[in-house]
Amino acid sequence: LKPLVALLSNFWEAVTKVFAMAAFTAFREIAMGIRIIACWLVSATFGLCHAAALADDLTDIDSLSRATEAVAPGLELARSQSADGDLLAALATLERINIAFPNASEAQLLHASLLCRLDDKAGAATELAHLKRRDYARNIWDEANAACAAPVPLTAAPQKAEPTKVEPTKTEPPKPQTGNPAPKPRRRIDGI
Amino acid sequence: MIKLSTKLKVRLVALAMGLPLAGAALGQAVPQVVGIASALVNQVNIASGAGQFHRAVLRERVSLADRVQTGPNSQLQLMLLDKSVFSVGANARLTIDRFVYDPSRGSSLGATVAKGAFRFMSGRRGDGSASSIRTPVATIGIRGTIVEGVIGADAVDIAEQERGLTRGVRSDRETASLIVLRGPGPQTQGAVTVGAVDVEAAGVIVALGRPLQASYVPRAGARPIGPFTISAAGVERINAAVFPSLGRRWGVAIKKKSGIRFGIGISGSSDGGGQGGQAPTQPSQPRPPSDGGRPTPGRP
């Protein structure tokens with residue numbers, strides 16, 4: 001009986017070992033598979049998150065571009081951005097209008113007034129020199145006047161050489177010190 | 001010690017190599033979009049990589065390293081994801097080389113303008129401290145700003161009309177670069193960063209810190225001239241270069257006109273046999289007063 005018991009015992013031990021090894025290997029394989037899947041999921045999630053953020057940003061700037069396909073909504077957008085203090089965005093909006101609609105005089109006036117608010121009054125003056133008072137409603141003209149904080153230059157006519165008349169006394173940007181004087185304005189800027 | 005089976009080793013190697021590749025694939029499966037053509041007029045062409053140019057349409061996606069060209073009488077506004085804006089005039093060539101944007105932390109940009117006129121405005125959270133624009137002869141370091149530049153023949157024409165600026169200076173009509181800071185100035189309103197730029201060329205840096213301060217780099221290897229304050233007429237000419245339709249409407253000419261208004265003189269080659277792009281050094285030459293008109297290396 002003893003040999004038989006020993007044989008069975010050995011057989012059982014062998015079977016157990018084989019099963020244990022197989023189970024261990026299978027477990028490792030499954031664990032590795034799970035890790036691989038998890039890594040892919042994480043990578044894909046990051047990729048998707050990035051794609052979603054990109055899509056949001058693109059939608060955002062698409063809508064900004066779409067708003068300037070006509071002058072009126074573009075001006076409305078620029079005013080809204082300006083009221084929110086986002087002056088550079090407003091300036092960019094007006095530049096889009098100026099590119100697509102170079103005859104949109106109101107956009108040009110608003111652009112100049114924004115330059116004043118951004119402390120580029122001399123630059124604004126070169127643009128204001130080309131605008132005519134009679135092309136604007138009084139409130140719009142006054143708004144630009146207020147932004148540039150210098151009613152005299154906007155009402156003075158005709159402006160002569162330097163556009164520095166619109167510069168405020170305290171916050172004066174550098175006067176053009178080099179080069180030729182500003183070209184003489186072609187049109188009279190009428191008084192308010 | 002656990003002995004790994006060959007099969008397992010193969011899978012581990014595949015995993016180690018596969019993950020980075022997968023990440024790279026996710027990032028590069030499509031070109032990195034950096035912005036859109038938010039406004040365009042007439043002929044604007046875009047080419048991806050080494051591909052052929054095709055005519056751009058409104059709101060077309062612009063990707064990193066795309067080559068953007070504008071034709072005659074054409075204009076483009078390129079809006080980037082952070083709402084920074086490049087407005088470029090006619091006959092311009094522009095490439096966005098680098099664009100890193102994190103909505104919560106800001107953005108940085110690297111662009112090359114090889115030719116033409118441009119205006120750049122920083123966008124959202126745009127102190128843009130790591131942003132720069134390269135021209136063929138200079139690098140413009142940007143700190144939250146509105147900056148304009150003209151590269152090529154128009155730059156020479158505009159600079160030549162700035163009194164005394166280019167006398168004795170040899171300019172390259174292909175690469176000369178004129179850079180002007182437009183703001184925001186120190187008295188600016190709104191939630192914007194006061195603008196400043198550094199113009200670097202030939203190892204010399206010229207800092208521009210006030211609106212309308214400018215620097216001119218006449219050719220490759222030449223030191224930047226400036227800072228000087230550009231004239232109002234110069235500002236108009238640059239505006240006309242960046243926004244040709246407005247320039248036409250306002251009757252602004254970039255080149256010198258013969259006749260009464262600008263006096264007699266036709267712009268042409270500016271080769272003057274001067275000091276290799278350095279500023280005029282002869283005392284008899286007219287110079288812009290105070291801070292202007294001569295090289296003032298900000299930080300060598």
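The model is predicted; local features need pLDDT of at least 70, side-chain atom pairs count only at pLDDT 80 or more, and totals for chains, interfaces and linings use all residues. Residues are numbered from 1 along each chain as its sequence is written, chains are lettered from A and ligands numbered from 1 in the order in which they are written, and side-chain values use heavy atoms, with hydrogens and water left out.

Chain B has 4 helices and 17 strands. Helices (H or I, at least four residues) and strands (E, at least two) are DSSP runs, numbered from the N terminus. Of its 300 residues, 55% are buried. Buried means under 20% relative accessible area, exposed over 50%, and partly exposed in between (1.4 Å probe, protein chains only). Contact means heavy atoms within 4.5 Å. Among contacts in chain B between residues at least 6 apart in sequence, 57% join residues at least 24 apart.

The largest nonpolar core holds 107 residues. Such a core is a set of buried Ala, Val, Leu, Ile, Met, Phe, Trp, Tyr and Cys residues joined through side-chain atoms within 4.5 Å. Phe86(B), Ile96(B), Phe118(B), Leu178(B), Tyr216(B) and Ile230(B) touch the most other members. Helix H3 (residues 87–100) of chain A gives the largest share of this core, 8 residues.

Ala155(B) and Ile158(B) are among the buried residues of H2(B). This helix (residues 153–160) is largely enclosed by the rest of the structure, because 6 of its 8 residues are buried. Its buried residues pack against strands E12 (146–151), E13 (177–183) and E16 (213–217) and helix H3 (232–242) of chain B.

Ser108(B) lies in strand E9 (residues 106–121) of chain B. Ser108(B) has a relative accessible area of 12% and is therefore buried. Its side chain makes a polar contact with that of Arg98(B) (3.0 Å). A polar contact is a pair of N or O atoms within 3.5 Å; within protein, one must be able to donate a hydrogen and the other to accept it, and residues adjacent in sequence count only if both atoms are side-chain atoms. Beyond four places in sequence, Ser108(B) also contacts Phe99(B), Val100(B), Ala130(B) and Ser131(B).

On chain A, Leu7(A) is found in helix H1 (residues 2–67). Leu7(A) counts as exposed because its relative accessibility is 57%.
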